[in-house]
Amino acid sequence: MSKEKSRSHSTPHRQSQGGKDFRKRVQRSKSQTDAPAVQPASRPRAGNPSAKPGIMLKAGREKSLQRRHPWIFSGAVECIDGAPASGDTLPVRDAAGNFLAWAAYNADSQITARVWSWHEKDVIDKAFFRNRIANALAARRALGLLPSPAGGGGAGGEGARLVHGESDGLPGLIVDQYGDVLVMQLGSAGPEHWRDTFADILQEQCAPVCIYERSDSDGRELEGLPKRCGVVRGTLPEKVEVTENGLRFAVDVAEGQKTGYYLDQRDNRALTGTLAQDKDVLNCFCYTGGFSLYALRGGAKSVLSIDASEGALELAKRNVELNGLNASKAEWQCADVFGALRKLRDQNRKFDLIVLDPPKFAPTAAFAEKASRAYKDINLLGFKLLRPGGLLFTYSCSGGISDDLFQKIIAGAALDAGVDAQIVKKLHAAADHPVLLSFPEGAYLKGLVLRVSS
Ligand code: SAH
């Protein structure tokens, strides 16, 4: 990956919040990666200030756009004509002046523009976005993924990601539904500019009781945007809940991580539940108890869950109660997983099923090396804690770690742990987090289910 690309950011994955508590950041151990350093954007050269605003690419730099990758890096830009403001929609042209795309400009980002449309005849206005959002909803409806219409009484109901940024043709826009509440996250200057329009369209099309904004992802800093959170439409119910495969989860929309809950792991949590019967389960980076609740419902003998966030663990315990699950089988530890796994090893504790679902250690490829060490460390310890025949569910949500690299890291961890293991399944984000073929960065979540030999 080019140096430029390695600094890319703002893909629609999980935040690299690490041990972020609901109220404060938890100090991270040295073994983890730090948040990305903010890189000052190298601004493209100004063109003719009195010409119509537009982006002109350097000769030969139109190829990635021709392959319909929606990002235009500053290094590919020859000049910017006119005096556009961040968020403005500009035509992008190749060095010969041929039209390539309409894109949202950001003067303060390494990604100078993100593409809204490839068609010159398109007008980027409310009707355009109404159509894009309707398409995103229709795609989920067609797959049976759209929760029953919001707008009923109060919170509760099922959840789904309604809009998944670039992969839904809406770079920088994330919309998650939890029952009657929508949470909107704006990650770049384009959606920032159209904030009210998006809120109006979502209100029209989904009729939620509340649209809450969680524009506080780390990526916004790289885009030169301030963090902003709060109610955009309606009123936030006191309690927000999401029902997932029959399990109820309280969601802290205002203070929780990301948009409050990790919808992407829905199918993978369900799979864990089906394999948990009579097992001693260890769930690392448990957040509000997702995998733990499925394991308890699936008949696990015991479930030890570890997270560095006290707020998340409080909610996890409430979620066990909410579902009438047997709390005596659940043990909770507020700790740094890196240290906690070593302690468990020293105590000679053993488990039949282990889940490792850490935060994003490598937001971009530039962090891959450091992140690889962290992934190897926890996976090596995970392998050592498994009984013969045990299962390891291991994940990476790092955009900077490819499927191949992740598999290599896990292979190295097994080797160093002295175990033989087989991949029995490869896992990804749920289908309401689609991946546009021309935007492979959308495939951020990768998981492996491994069985160690008995
Ligand atoms: N598996 C969860 C999502 C995990 S998100 C689910 O299904 O909902 C990652 C979690 O890792 C967050 O809850 C965060 O608080 C926690 N975390 C980050 N760094 C940590 C560390 N070093 N030790 C323990 N927990 C950590």
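In which hand does H3 pass H5 in their crossing? That was my opening question for today, and the crossing turns out to be right-handed. A reminder to myself before going on: I am working with a predicted model.

**Entry 1: H3 and H5**

I looked up the geometry of this pair next. Helix H3 covers residues 126–142 and helix H5 covers residues 195–206. They pack at an angle of about 50 degrees, and their axes lie 10 Å apart. H3 and H5 are therefore oblique to each other, given that roughly parallel would need an angle under 35 degrees and roughly perpendicular 65 to 115.

Then I listed who touches whom. From H3, the contact takes in Lys126, Phe129, Arg130, Ile133, Ala134 and Leu137. From H5, I noted Thr197, Phe198, Asp200, Ile201, Leu202, Glu204, Gln205 and Cys206.

**Entry 2: H7 and H8**

Helix H7 spans residues 266–274, and helix H8 spans residues 290–297. Their axes come within 8 Å and cross at roughly 35 degrees. The hand is again what I wanted to know, and H7 passes H8 in a right-handed crossing.

On the H7 side, I wrote down Arg266, Asn268, Arg269, Ala270, Thr272 and Gly273 as contact residues. H8 contributes Gly290, Phe291, Tyr294 and Ala295. This contact divides into four nonpolar, four polar and two charged residues.

**Entry 3: cysteines**

How many disulfides does a search of the whole structure find? I got zero.

The limit I applied for buried is under 20%.

**Entry 4: Asp377**

Is Asp377 buried or exposed? I found this residue in helix H11, which runs over residues 368–385. Its relative accessibility is 18%, so Asp377 counts as buried. For its partners, I left aside the neighbours within four places in sequence. With those set aside, Asp377 is in contact with Phe338 and Arg342.

Key. Residues are numbered from 1 along each chain as its sequence is written. This is a predicted model: local features need pLDDT of at least 70, side-chain atom pairs count only at pLDDT 80 or more; totals for chains, interfaces and linings use all residues. Side-chain values use heavy atoms; hydrogens and water are left out. Axes are lines fitted to C-alpha atoms, for helices over the stretch in contact, and angles run from 0 to 180 degrees between N-to-C directions. Helices (H or I, at least four residues) and strands (E, at least two) are DSSP runs, numbered from the N terminus. Angles under 35 degrees count as roughly parallel, over 145 as roughly antiparallel, 65 to 115 as roughly perpendicular and the rest as oblique. A crossing is left-handed if the near helix is turned anticlockwise from the far one by less than a right angle, and right-handed if clockwise. Contact means heavy atoms within 4.5 Å. A disulfide is a pair of cysteine sulfur atoms within 2.5 Å. Ala, Val, Leu, Ile, Met, Phe, Trp, Tyr, Cys and Pro count as nonpolar, Asp, Glu, Lys and Arg as charged, and the others, Gly among them, as polar. Buried means under 20% relative accessible area, exposed over 50%, partly exposed in between (1.4 Å probe, protein chains only).
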